[in-house]
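Visitor: Could you walk me through a few features and how to read them?
Guide: Gladly, let us look together.

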There are 2 protein chains.
Amino acid sequence: MAENTQNLQIQSISRRELRELVRSQLLMLLERNNLEGAKALLVPVQPADIAEAIEELPEAMQAIAFRLLPKDEAIEVYENLNSAVQQALIEDFKRQDVLDIVDKMSPDDRVRLFDELPAKIVTRIQEQLSPMERQATALLLGYEADTAGRIMTPEYVSLKENITVFQALDRIRQLARFTETVYYLYVTDTARHLTGTLSLRELVTATPEQKVADIMTRDAVFVSTDTDQEEVARTIQRYDFLAMPVVDREQRLVGIVTVDDAADIMEQETTEDIYTMGGIQSGTDDYFQSSLITVARRRVLWLLVLLLTNTGTTAVIHSQEELLTQVVALSSFIPLLIGTGGNVGAQSSTVVIRSLNVETMRPGRAFWVIRREAMAGAVLGLMLGAIVILWAFVLQGNLAVAITVGLSLVAISILASVAGSALPFLFRTLGFDPALMSAPFITTAVDVLGVLIYFAIARAMLQVL
Amino acid sequence: MAENTQNLQIQSISRRELRELVRSQLLMLLERNNLEGAKALLVPVQPADIAEAIEELPEAMQAIAFRLLPKDEAIEVYENLNSAVQQALIEDFKRQDVLDIVDKMSPDDRVRLFDELPAKIVTRIQEQLSPMERQATALLLGYEADTAGRIMTPEYVSLKENITVFQALDRIRQLARFTETVYYLYVTDTARHLTGTLSLRELVTATPEQKVADIMTRDAVFVSTDTDQEEVARTIQRYDFLAMPVVDREQRLVGIVTVDDAADIMEQETTEDIYTMGGIQSGTDDYFQSSLITVARRRVLWLLVLLLTNTGTTAVIHSQEELLTQVVALSSFIPLLIGTGGNVGAQSSTVVIRSLNVETMRPGRAFWVIRREAMAGAVLGLMLGAIVILWAFVLQGNLAVAITVGLSLVAISILASVAGSALPFLFRTLGFDPALMSAPFITTAVDVLGVLIYFAIARAMLQVL
């Protein structure tokens, strides 16, 4: 009971606070050179949390902390470290230490590390790996980046159809240490073609004498080595699988992708989507580890494209200087009009892009959606327009200008919502990433068209009134 | 081999195309009233895909297609349907049919359905459920929305410490049909306190005579019933778990959350983040099922806030009409300046908000990040400013105006990147969602300050030159 009470107190602070605590404690113990204390502190801590704590340590201490870990745990912690720290540790250690750890990593995690390491170091490590691990890594490295082949692991359990449940369980017992998962099992024929799948659940609930062939599921869902990693992750999520088999061109089973990797891929792909929506080219580099030059390079292209579009706005206004000289009041409403238009357009494009990216919407519904967004734009434009007419009249006392501003806002809102919803569809159809047609671009495109509309309405109104 | 070749051809079209094919075939067969054909078509199809195909059918056909499914599969398909179709089917069916299906759903999926159904129908169904299922549902419904308690399932396998591996496997065999997962097992004491966890992998690799107490992992990671669902999902992802135990205030085990639910929660929470970043209030309603009024309501509040901010910009420009009358050229550059500022700010806020939301960044790094972004803003501002000075001079031939525009662009870029990076941190610190300080708000805030800076620089320049 005493133990429970203690656990309860730990739980009453959040896991994040607990991680902060481990981090600060570890630093303190290492600073005082209390290695035994640090070792004891880390015993109950999860590998992912230890990795985070090590990442936060001053560089000189990272290797010391890492050496405190028992060997089995060291591998798991190493897999969880970010690539910069993995690399620093590799350079710190005596060769054999590194090799032992890299040799025992899962092939897919190792490939991810190799992707980040300088080629020279990769070659050196590859030479020293055990033949089996070298082969596994070389296999994965042979596939293109961001495909199922690159992220799969060849460490799975395969069974033959004609063995019994008892024999299958025996095989699992032998292989359990060397495989990524034992919960999904894959049935192959003599030519290694995938013929079915089986879960450990089905296996343990069957009678020992039954044949694998009798309880396995045929019609297995699988992906090819060249399937895009995002599609693999989405498929795993869609069917609530724990792992997905990967086959080569001859439909031979070559690996599996597990659900934990799928979650990481989804997060990475979502970050890319969000970056694209924010006008940033995404890369594999970590923000905290990339140079200022890299940060700027990933942003400057879009800014230049948008700047170019914006010069169009300037040119339009410039061409109307005569009108602006007559009615100076007109210019003060330009930012409000194009700003609001940009916001309405951003809302539409956000909804459409997200729907397209998570595949809740089929491109076939494009017209329905665009019409819907146009109506929403009209409703919102009318509401905002009514407010703006009043306000503009109070500010300027000029009815013609006030009505011009109000009408323009309605027109711009409709235009913006149509552009915001239609352009992502258009981009998807053309084979580009729909996320490119997000807030920054829509906002800027609306600027040019917005001022054109505004001046056209202004000229008409000034003639009428 | 013939079978393999056939499969291979199916694989050579993507899974998405395959789903489209099932959808169109199903519709065609039902239109021709070929029920046997439709039934055969659906046999090898995954429940998630059948659900999608049914959702796309005309309403009158949905119930017909659903009745074609064997009972076990019907439950899985029903769980995968969206709530509108679930509801429509409930109303279509004779009562007993519905009850059988709803009774067999997992409690967590049933609770999700009940959240969407009218209270009247929920009460009627609740009354008819088997006592055990009613209790499970009532338990979950007692917890607040978006907490671990609400999304967990009470269908897990618990073991006692003193039983043997052999006995444990026997118990799993008996319970396998009624539990959400058998891969993670939970060890409890007589008072149902969670004392440890065990994986089926560990169990099958142990010798039959070993005691559970000897092979289980103490120091289990767990969450409380009131833990936020996003934190639960993140923790599962962080530690690569397949399920996470949930305990009540007395640390008694009450349920588990499985990895497939975690993935759905992550997707839902990410959509909310992206909507907030796009200036849309997020709700649980589906875009395709919500009315135009709901769509407009979720957007109008932010538009009004932004409009209010924008009136500030108008007021500033209005106050400078005298200057604008003197130098009409000035007004044509306003959209370009505030537009570019908005884009630079959107980039900064995108990076910061995403890092805060996926917890790759600790709030403690705020100053480092803001300084970094300010430098990036300066670098980008200088590059763009240089281009703009040239272009403005070519367009207007007025050196004072050109220099004013260039200098303003540098100043506005720095301001925008600082605002874009600092405001999300500030909001996080104040306990608000940092995503509120995204592109739409940053863009609009930069508008006001941007024109102030621009006019200040213009006045200074015009005096100097």
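What follows is a short talk about a helix pair and an interface.

Guide: This is a predicted model, where local features need pLDDT of at least 70, side-chain atom pairs count only at pLDDT 80 or more, and totals for chains, interfaces and linings use all residues. Residues are numbered from 1 along each chain as written, chains are lettered from A in the order written, and side-chain values use heavy atoms, without hydrogens and water.

Visitor: At what angle do the axes of α2(B) and α3(B) cross?
Guide: Axes are lines fitted to C-alpha atoms over the stretch in contact, with angles from 0 to 180 degrees between N-to-C directions. Here helix α2 (residues 15-31) and helix α3 (residues 35-42) of chain B come within 8 Å and cross at roughly 160 degrees. That makes α2(B) roughly antiparallel to α3(B) (angles over 145 degrees).

Visitor: Which residues of α2(B) meet α3(B)?
Guide: Contact means heavy atoms within 4.5 Å. Among them are B:Val22 and B:Leu26 in α2(B), while the α3(B) side includes B:Ala38 and B:Leu41.

Visitor: How much area do chain B and chain A bury between them?
Guide: Buried area is the accessible area (1.4 Å probe) that two parts lose on being put together, summed over both. For chain B and chain A that is about 11800 Å², 59% of it on carbon and sulfur atoms. In chain B, B:Arg201, B:Arg238 and B:Phe288 lose the most area to chain A.

Visitor: How many salt bridges are found across the interface?
Guide: A salt bridge is a side-chain nitrogen of Lys or Arg within 4 Å of a carboxyl oxygen of Asp or Glu. The rule finds eight across the interface of chain B and chain A; B:Arg238 also meets A:Asp49 in a salt bridge (2.6 Å, N to O).

How values were computed
Helices (H or I, at least four residues) and strands (E, at least two) are DSSP runs, numbered from the N terminus. Angles under 35 degrees count as roughly parallel, over 145 as roughly antiparallel, 65 to 115 as roughly perpendicular and the rest as oblique.
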